Each structure stands twice: as structure tokens, then as C-alpha cells.
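Please keep the sequence and the 3D view at hand while reading.

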Amino acid sequence: MNAKIKETILNPIFKGNPITVLVLGICSSLAVTVTLKGALVMTLSVIAVCGLSSLVLSILRNTIPGRVRIIVQLVVVAMMVILVDQLLKSFEATYAIDRQLSVYIGLIITNCIVMGRIEAFALGNKPWPSFLDGIANGAGYGMILLVVAFFRELLGSGTLFGVDILGRFGYVTNNLVILPPFALILLGCIVWVQRSIQKDLQEK
Amino acid sequence: MNTNNNGYTILYTTVIVIVVAAVLAVVSQTLKPNQLANEKADVISQMMKAAGLGDKAGFEAMGNDKVLQMYSENIAEAYLINAEGATVDSLLTAPADKIQIYTPSMLKAIFKTARSGGVPEQLPVFKFKNGLTVIPVYGAGLWGPIWGYLSFEGTTFKGAFFDHESETAGLGSKIKDDPRFQDLFVDKQVLVAEEGVQFEIAKPGAHKLGESNGIDAIAGATMTSKGLNEAINLWLGLYKPLFTGIAAAPCEQQHEACEGHDCDKEQEACDKPCCQDKNTEE
């Protein structure tokens with residue numbers, strides 16, 4: 001694996017994380033992080049949509065008319081999202097989770113990370129690196145999602161992946177944790193931690 | 001190649017849109033049977049949860065086939081009634097692939113008719129072998145539709161399950177996710193009165209009906225609770241014949257306690273309709 005590919009994969013996970021550094025995809029990270037299971041399915045969905053959209057659009061990149069390129073991107077991304085939603089609905093194992101995530105799967109279309117990476121990377125790079133870039137950004141997004149969901153499910157419902165953890169110690173669940181504002185507070189803390197480790201992100 | 005002239009742009013977008021539409025159409029058609037099967041099993045497991053045959057997570061772990069099989073084994077009969085309570089048609093309960101149920105979208109049609117003042121022509125009733133009757137409810141929550149199933153014996157609720165499309169996670173979504181909320185319905189009674197069949201979900205201290213005719217609303221989910229209250233009352237109203245039939249049953253069945261009561265002596269018992277009947281008979 002050459003250095004450039006490695007950089008493409010590793011950069012979005014930490015140094016250029018789409019949520020904490022680029023501050024993209026904030027809305028859905030507030031909405032779907034109430035439970036770990038939901039966050040995990042959302043993560044996998046975003047990885048799939050991000051990777052495949054980047055791949056397809058990178059293949060098409062030299063043919064897309066410049067004036068309508070955003071529209072073409074949107075059509076392809078929307079198709080991927082609908083495909084993911086339809087697939088989740090048709091498997092017994094994922095049907096219940098799809099019902100739980102309801103509109104948020106559809107709203108991946110509006111997730112800025114997907115369009116952002118296509119605009120910034122896929123349209124200027126070959127298919128394979130673009131595909132990896134999409135997957136890595138989806139994973140970087142998902143990582144933050146899972147961290148936030150871990151704390152929110154644990155403190156808000158006393159469970160992890162639906163398994164009772166704190167409840168048996170008589171923990172009284174905290175409703176604030178379940179509400180979206182708490183996800184924002186958590187995200188703020190994560191950004192704080194990252195910026196104190198990565199000094200070059202701090203504004204002078 | 002010049003990708004910026006008008007002809008190319010129009011041709012390109014047309015082709016892309018047609019290709020995408022074709023892909024989606026094919027996928028949608030291919031996956032439809034699976035999706036419908038999942039929805040059916042979901043609805044059936046919700047009804048069985050309401051009928052006290054297990055919990056939702058358990059049904060999800062069982063898989064669709066076993067859920068359908070269990071339904072066929074436990075259902076006594078399923079049929080459609082009209083607004084007067086007369087049976088108009090029956091619903092198939094076996095074999096597994098022919099089971100007929102009412103999906104939320106079908107309930108929505110009934111809800112729309114009823115809300116606009118119309119009289120729905122067909123209302124589904126599901127009778128289980130354990131003696132419980134299950135009826136659906138459907139209404140509007142805070143963000144989207146809410147629906148569910150209530151089981152009862154006589155005029156007493158024995159179980160409930162509710163589902164929703166997009167209620168607030170952790171608050172309104174408790175109607176689905178919190179078994180404790182659904183358990184509140186158990187052993188509560190509907191009030192069969194002149195005005196109709198009533199039940200009440202209200203915040204503690206704001207109950208207008210008797211203690212046994214209502215439950216407490218969910219704290220922090222006022223609009224969802226209100227929506228559920230309205231939905232339940234609307235549907236109980238639709239199913240009124242089912243309950244008034246019960247209330248008008250012979251008094252011996254209705255108040256077994258009346259047997260052996262001396263209606264003259266026991267004032268409380270004398271207030272019971274059957275004793276009043278007896279008094280007038282005498």
C-alpha cells in the first residue's frame with residue numbers, strides 16, 4: 001500500500017475526521033445516537049452510501065457536465081440511499097432497526113459528508129482511491145457516532161446494545177442524555193479532546 | 001469532448017435519471033415480497049404482544065415463519081365488522097402465506113374516514129384462543145402517525161402494543177419502547193357510557209374519568225400521549241358495538257356478584273344495573 005492511499009484511509013479517521021474537524025454531518029449524529037444498535041446500522045449505511053457514491057461518481061467524473069454536476073451527484077447519492085433503505089427493509093434481521101431509524105436513513109442524502117467528499121475528492125481522483133476515501137470518511141463519521149451513542153445509551157437508558165448494564169445497580173436513567181442537546185455537548189467534549197491532542201487545529 | 005454544451009447536458013441528465021429510475025424500479029419490485037412479509041410478521045407480532053403471547057423482542061428473535069405459525073396456532077377467528085357491529089366478512093388466519101391482516105396503511109384509511117366524520121365500512125376484529133379480542137388503533141402523534149393494538153376481555157384491557165413512525169426518541173417513543181407504559185393498560189376498563197366508549201390518558205391529577213378507566217400520560221411526551229388518547233377514544237368509538245354488546249349482556253353474566261346479593265340490603269350492589277333490573281322485575 002503506497003503512502004498516498006494510506007493517508008487517504010487514515011486521515012478521515014482522526015486527523016481530518018469529518019465530524020470533529022470538518023464539522024460535517026452534525027445533524028444526523030445528534031439524531032441517531034440514542035442507541036448503539038441504531039448508530040451501528042447508521043454507520044454501516046453511511047459507509048456504504050459514501051463509498052459507492054464516490055466510486056460511481058469518480059468513474060463518471062470526466063463525463064459529467066460541469067453546470068449540472070451537483071444535480072448528477074444528488075441523483076446518484078439519492079439512488080444509493082434508497083437502495084440501502086430498501087435493502088434494510090427487506091431483511092428480517094434489519095427490518096426492526098430500519099423502522100427504528102425511520103426517516104434518518106433517507107436523510108443520509110442530505111448528509112454533508114457524502115456530497116462533501118464527492119465534490120472535494122471523488123471528482124478529482126481515480127475510482128479506487130475515491131472509493132477508499134468514501135469508506136474512510138464514512139468510518140470516521142461512524143466512529144464518532146458510536147462513541148456518542150455509547151455514552152447516550154449507557155447514561156440515558158442504562159443499557160448497551162439493549163442489554164441492561166446500569167439498571168441492575170439501581171441507576172435512574174437521565175432524560176437529558178436522551179435529548180439531542182446532550183449529543184451536542186458530548187460532541188463538543190470530543191472536539192475539545194481532539195484539539196488538545198492535535199495542537200495544529202487550534203486557532204491562533 | 002466538450003461536456004458543457006446544452007445538448008450534451010440535457011442528454012446526459014436524461015440518461016442518468018432514466019438509468020437511476022430503472023435501477024430503483026427493478027430493486028423495488030424485487031424486494032417488495034420480502035418487505036411485505038416483514039411488515040406482516042411485524043404487525044402480527046404486535047398483535048400477539050397485545051394478546052399477551054410474548055414480548056416483541058422475543059418475536060423478532062423467532063423469525064417471520066415461526067411468528068406466522070404461532071399466530072395460526074393461537075388465533076381463534078378474525079373477521080370484519082361494520083359500524084353496527086354486524087360481521088360482514090372473515091379474514092383468513094391460515095395457511096401462513098394467506099394470512100390476512102390490517103397493516104398500518106390500511107388502518108390509516110379507516111382513520112381518515114372516521115376523522116372526517118364518515119363511517120368506516122369494515123373494521124377488523126381478531127379473537128385469540130386465550131379469550132382475548134384484539135382491536136387496532138391508529139392516530140396522529142407529535143411528528144407522525146402512531147398506531148397499535150389493544151386486547152381486552154369483556155370491557156377490560158388485557159394488553160397493549162403501540163408503534164410509531166417518528167416520535168421523539170426517549171420520550172414519545174416510549175409508547176413503543178417502554179413495556180412499563182404498555183403494561184399500564186392491563187386490567188384497566190373502558191367506560192361504556194351514553195356518550196360512547198371512553199378511556200383516558202391524562203397527566204396525574206387531571207383525570208376526569210374514574211381511576212380504573214384511565215392511565216397516566218408519559219412525562220415529557222404530552223403531544224404523543226394526547227394523540228394516543230385521541231386515537232384510542234376514536235377507535236373505541238368505532239368499535240362501540242363490541243363493547244355495548246358486552247355491557248348489554250344478561251345481568252347474571254355481567255355481574256356474577258349479584259347472585260346471592262340481597263339487593264335491598266346492600267346499597268352498593270343495588271346501584272348495579274342488574275340489581276336495578278331485579279328490583280324492577282320484583
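## Confidence

The structure is a predicted model. Its overall scores are an ipTM of 0.81 and a pTM of 0.78. For chain B the mean pLDDT is 84, and 86% of the residues of this chain reach 70 or more. Among the elements of chain B, strand S4 (residues 133-140) has the highest mean pLDDT, 94, while helix H10 (residues 267-270) has the lowest, 44.

| Stretch of chain B | pLDDT | Contacts in the model beyond near neighbours in sequence |
|---|---|---|
| residues 265-271 | below 50 | seven contacts |
| residues 278-282 | under 50 | two contacts, counted beyond four places in sequence |

Where pLDDT is low, the predicted coordinates should not be read in detail.

## Make-up of chain B

Chain B contains eleven helices and ten strands. It has 282 residues, of which 34% count as buried. Among the contacts in chain B with a separation of 6 or more, 55% are between residues 24 or more positions apart.

## The sheet of chain B

In what order do the strands of the open sheet lie? The six strands of chain B follow the order S2-S1-S3-S4-S5-S6, and their pairing is antiparallel. Strand S2 (87-91) and strand S6 form the edges, each pairing on one side only. On average, neighbouring strands of this sheet are turned by 30 degrees against each other, direction ignored. Strands of a sheet pair through backbone hydrogen bonds, either parallel or antiparallel.

The pair formed by S5(B) and S6(B) can be followed in detail. Strand S5 (residues 145-153) of chain B is joined to S6(B) by eight bridges, and the two run antiparallel. B:Trp147 has B:Asp163 in S6(B) as its bridge partner, and B:Ser151 has B:Gly159 in S6(B). Two residues lie between the strands of this hairpin, in which B:Gly154 takes a positive phi near 65 degrees.

Is S6(B) enclosed or open? Eight of the nine residues of strand S6 (residues 156-164) of chain B are buried, so this strand is largely enclosed by the rest of the structure.

Helix H7 (residues 222-238) of chain B lies across strand S3 (123-128), S4, S5 and S6 of that chain, and runs at about 130 degrees to S4(B).

## Two residues in their surroundings

B:Phe157 belongs to strand S6 of chain B. Why does B:Phe157 count as buried? There are 22 other C-beta atoms within 10 Å of B:Phe157, and a residue is buried if 20 or more lie within that distance. Leaving aside neighbours within four places in sequence, B:Phe157 is in contact with B:Leu150, B:Phe152, B:Phe185, B:Val186, B:Asp187 and B:Lys188. B:Asp187 is 30 residues away from B:Phe157 along the chain, yet their C-alpha atoms are separated by 5.3 Å.

A:Ile185 is placed in helix H10 (residues 180-197) of chain A. A:Ile185 counts as exposed because it has 11 C-beta neighbours inside 10 Å, the limit for an exposed residue being 12 or fewer. From A:Ile185 to A:Leu201 the sequence separation is 16 residues, and the C-alpha atoms are 19 Å apart.

## Nonpolar cores

The largest nonpolar core has 57 residues, and those touching the most other members are B:Ile44, B:Met47, B:Ala50, B:Ala51, B:Val134, B:Leu150 and B:Trp235. Beyond four places in sequence, the contacts of B:Val134 include B:Met47, B:Ala50, B:Ala51 and B:Leu150. B:Phe126, B:Phe128, B:Tyr149 and B:Ser151 are also in contact with B:Val134. A second, separate core of 50 residues includes A:Phe121, A:Ala122, A:Ile144 and A:Leu186.

## Where the chains meet

How many residues of each chain take part in the contact between chain A and chain B? The contact involves 25 residues of chain A and 26 residues of chain B. On the side of chain A that touches chain B, helix H4 (69-90), helix H5 (92-101) and helix H9 (175-178) of chain A each supply at least two residues. H4(A) gives the largest share, nine residues. By type, this side of chain A divides into 15 nonpolar, seven polar and three charged residues.

Key
Residues are numbered from 1 along each chain as its sequence is written. Chains are lettered from A and ligands numbered from 1 in the order in which they are written. This is a predicted model: local features need pLDDT of at least 70, side-chain atom pairs count only at pLDDT 80 or more; totals for chains, interfaces and linings use all residues. Helices (H or I, at least four residues) and strands (E, at least two) are DSSP runs, numbered from the N terminus. Ala, Val, Leu, Ile, Met, Phe, Trp, Tyr, Cys and Pro count as nonpolar, Asp, Glu, Lys and Arg as charged, and the others, Gly among them, as polar. A nonpolar core is a set of buried Ala, Val, Leu, Ile, Met, Phe, Trp, Tyr and Cys residues joined through C-beta atoms within 7 Å. pLDDT is the predictor's confidence in each residue, from 0 to 100. Two strands pair if DSSP finds at least two bridges between them. Axes are lines fitted to C-alpha atoms, for helices over the stretch in contact, and angles run from 0 to 180 degrees between N-to-C directions.
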